[in-house]
Amino acid sequence: MLHNPFLDKTPAPRLMIGRAELALIGITLLWGATFLIVKNAMTVTGPLFFVGLRFATATIAAAIVAAPLLRGVTRKEWIAGSAIGLGIFIGYTLQTWGLQTIPSSTSAFITAVYVPLVPLLQWAILRRPPHLMSWIGVALAFGGLLLVAGPQQGLALGKGELLTLVSTLAIAVEIILISMWAGQVNVLRVTVIQLGFTSLAAFLCMVPAGEAIPHFSWLLLLSACGLGLMSAVIQVVMNWAQRTVSPTRATVIYAGEPVWAGIIGRMAGERLPAAALLGGFLIVAGVIVSELRFGRKEKARIDS
């Protein structure tokens with residue numbers, strides 16, 4: 001019998017990469033580019049002013065979108081936004097500070113370590129024990145971290161690497177805080193508060209840190225404001241795309257962030273030694289492995 005395509009009710013195969021996945025790949029590329037942008041901006045400004053200006057721009061952009069909802073801010077939303085904002089402030093300030101002394105690609109690889117760290121912090125804070133794959137991911141990421149951080153210094157961590165590593169802890173805590181308040185607060189209102197808190201904290205800390213306001217620079221203005229707007233766009237795209245993309249698949253895509261940063265950094269003239277490249281590969285593998293889950297899927301197949 002000849003095959004009649006008009007009578008065939010078998011659904012057409014779904015493309016492996018759809019619009020949502022392509023959108024996430026696009027923002028991951030943007031993420032990768034931010035490290036080099038920040039590093040270049042550090043030649044004309046200090047880290048606190050840059051973080052303050054960057055998140056002030058993001059706050060304005062988010063406030064415009066959330067304007068009709070801002071009158072209903074609750075006490076819990078003020079607390080949640082301030083706590084999350086503190087994590088963002090510490091994380092991004094230390095990361096920006098570290099970029100003054102280490103390559104942008106090195107910063108990106110170290111920052112990616114926050115993904116396998118989240119399950120460990122959830123265990124410590126929320127008493128949720130990590131899965132086996134989380135432990136394997138942490139081990140891979142830790143080995144990769146040592147190789148990325150200082151392959152030419154006997155696997156030692158320098159000042160820039162240490163600052164960036166501590167920043168990953170703050171970013172991981174920020175993610176846990178977001179999950180703690182998820183479903184209890186209005187996302188848009190809390191987003192505005194956390195971005196505004198980050199900006200205000202950065203500007204206020206300039207005084208005790210002795211950081212002066214830099215001279216006007218187009219590089220600074222375009223970099224900080226551009227990244228602020230980029231942060232707002234990235235958040236919107238993530239919220240849209242992850243309605244149809246599974247968390248595991250999204251994490252695999254996000255794991256490409258340091259890879260893009262490495263590619264962009266190399267195009268800009270950065271050269272990482274072979275040991276650091278191997279370390280970067282281990283970190284990316286650790287990020288992916290830490291999010292893999294096999295038990296539930298197998299159980300579902302048995303039950304069916």
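W135 is partly exposed, with a relative accessible area of 39%, where buried stands for under 20% relative accessible area, exposed for over 50% and partly exposed for what lies in between, as found with a 1.4 Å probe and protein chains only. W123 is likewise assigned to the partly exposed class, at a relative accessible area of 40%. The structure is a predicted model, in which local features need pLDDT of at least 70 and side-chain atom pairs count only at pLDDT 80 or more, while totals for chains, interfaces and linings use all residues. Residues are numbered from 1 along each chain as its sequence is written, and side-chain values use heavy atoms, with hydrogens and water left out.

Aromatic pairs were identified from the rings of Phe, Tyr and Trp (for Trp, its six-membered ring), which pair if their centres lie within 6.5 Å; planes under 30 degrees apart count as stacked, those over 60 as edge-to-face and the rest as tilted. Four aromatic pairs are counted by this rule. In one of them, the ring centres of F55 and Y92 are 5.2 Å apart and the ring planes stand at 75°, so this pair is edge-to-face. Because F55 lies in helix 2 (residues 47-66) and Y92 in helix 3, the pair ties together parts that are 37 residues apart in sequence. F55 counts as buried, at 4% relative accessibility, whereas Y92, at 25% relative accessibility, counts as partly exposed. The rings of W123 and W135 also form an edge-to-face pair, because their centres are 5.5 Å apart and their planes lie at 85°. As W123 belongs to helix 5 (residues 114-126) and W135 to helix 6 (residues 132-149), this pair ties together parts that are 12 residues apart in sequence.

Across the whole chain, 13 helices and zero strands are assigned. Of the 304 residues in the chain, 47% are buried. Among the contacts in the chain with a separation of 6 or more, 90% are accounted for by residues 24 or more positions apart, contact being defined as heavy atoms within 4.5 Å.

The packing of helices was described through their axes, which are lines fitted to C-alpha atoms, for helices over the stretch in contact, with angles that run from 0 to 180 degrees between N-to-C directions. The axes of helix 5 and helix 7 (residues 159-181) come within 9 Å and cross at roughly 60°. The two helices, helix 5 and helix 7, are therefore oblique to each other, given that angles under 35 degrees count as roughly parallel, over 145 as roughly antiparallel, 65 to 115 as roughly perpendicular and the rest as oblique. Helix 5 passes helix 7 in a right-handed crossing; a crossing is right-handed if the near helix is turned clockwise from the far one by less than a right angle, and left-handed if anticlockwise. Helix 5 contributes Y114, L117, V118, L121, Q122, I125 and L126 to the contact, and helix 7 contributes T168, L169, I171, A172, V173, I175, I176 and M180. Sorted by class, the residues in the contact of helix 5 with helix 7 comprise 13 nonpolar, two polar and no charged ones, where Ala, Val, Leu, Ile, Met, Phe, Trp, Tyr, Cys and Pro count as nonpolar, Asp, Glu, Lys and Arg as charged, and the others, Gly among them, as polar.

For helix 3 (residues 75-98) and helix 8 (residues 187-209), the axes come within 7 Å and cross at roughly 50°, which makes helix 3 oblique to helix 8. The crossing of helix 3 with helix 8 is right-handed. Residues of helix 3 including W78, G81 and F89 meet residues of helix 8 including R189, F197 and C205, and the residues of this contact divide into 12 nonpolar, five polar and two charged.

A further oblique pair is that of helix 1 (residues 19-41) and helix 4 (residues 104-111), whose axes come within 9 Å and cross at roughly 130°. Helix 1 and helix 4 cross in a right-handed manner, and their contact is made by F35, L36 and K39 of helix 1 together with S104, S107, A108 and T111 of helix 4.

Finally, G279 is found in helix 12 (residues 274-290) and counts as buried, at 0% relative accessibility. The C-alpha atoms of G279 and L147 are separated by 4.7 Å, although the two residues are 132 residues apart along the chain. When its neighbours within four places in sequence are left aside, G279 is in contact with G144, L147 and V148.

Definitions and conventions
Helices (H or I, at least four residues) and strands (E, at least two) are DSSP runs, numbered from the N terminus.
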